[in-house]
Amino acid sequence: MTAKYDSIGINYSDLRKPDLRIAALIDNALGAAETVLNVGAGTGSYEPTDCEVVALEPSVEMINQRDQSSARAIQGYADDLPFDDNQFDASMAILTIHHWPDKEKGLQEMRRVTRGAVILLTFDPSHRGCWLTDYLPELVSLDESQMPAMSDYKRWLGDVEIVPVPIPHDCTDGFLYAYWRRPAAYLDARIRAGASSFWAIENATQGINKLAEDLESGEWERRYADILALDAIDAGYRLVIAP
């Protein structure tokens, strides 16, 4: 089996450090679960440490970057989970569903193998909460094409709770909008490599060059000065909880 992150996941574990504040929200949603399945587990970010975790990940590159102390990882795909019905107390999928070829089937599979809560950290494609799309408008169409609408989760999973996830200004997890108050970070090609969206858009050069010009001239700060006083923003990230 091959997977997208076999090629784009280089240095992922260095760039995507779990943020403790986001981790606390996920841990709270997992509650008292003693067995947890992590689908699209990557390098193991946000996996709980106080229960038994099984990780499923399609990319060998990502599996190889997992810490030796992490949960055991199985290579596989969300839409064909190699587990029995109701095998786990809870299951989780963190910033991964947009990469699944069959999202509905993947969530049906998670529901099948899970006795309790199915928990997803994802993004609401209808949200317009980060200035980065002013420079890279193609990110909007990318999100709309890749990300399920919030209404899809109710269709696929039944009753769900959708909780906004505030993104702190010093977020340690380098996903796409993590650097909303640190705009110069987006000028660093290595930082951009940690977000799959930059691999998916054809050419970000023009937008990045415009951002560099606006940072140099002070135009960016004049335009977005109001966010510099904020500790966190709603950038569109959502915790979806299906009990």
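Tutor: Let us begin with Tyr186 and Phe198, which are both buried, where buried means under 20% relative accessible area, exposed over 50% and partly exposed in between, with a 1.4 Å probe and protein chains only. This is a predicted model, in which local features need pLDDT of at least 70 and side-chain atom pairs count only at pLDDT 80 or more, while totals for chains, interfaces and linings use all residues. Residues are numbered from 1 along each chain as its sequence is written, and side-chain values use heavy atoms, with hydrogens and water left out.

Student: How are the rings of Tyr186 and Phe198 arranged?

Tutor: They form a tilted aromatic pair, 6.4 Å centre to centre with 45 degrees between the planes; rings of Phe, Tyr and Trp (its six-membered ring) pair if their centres lie within 6.5 Å, and planes under 30 degrees apart count as stacked, over 60 as edge-to-face and the rest as tilted.

Student: Which residues make up the aromatic cluster with those two?

Tutor: Besides Tyr186 and Phe198, the cluster holds Trp131, Tyr135, Tyr179, Trp220 and Tyr224.

Student: New topic: what does Leu132 touch?

Tutor: Leaving out residues up to four places away in sequence, Leu132 touches Leu139, Leu176, Tyr177, Tyr186 and Phe198, with contact meaning heavy atoms within 4.5 Å.

Student: And how confident is the predictor overall?

Tutor: pLDDT, the predictor's confidence in each residue from 0 to 100, has a mean of 92 for the chain, and 95% of its residues reach 70 or more.

Student: Where does pLDDT stay under 50?

Tutor: That happens over residues 1-9, for which the model has 26 contacts beyond four places in sequence.
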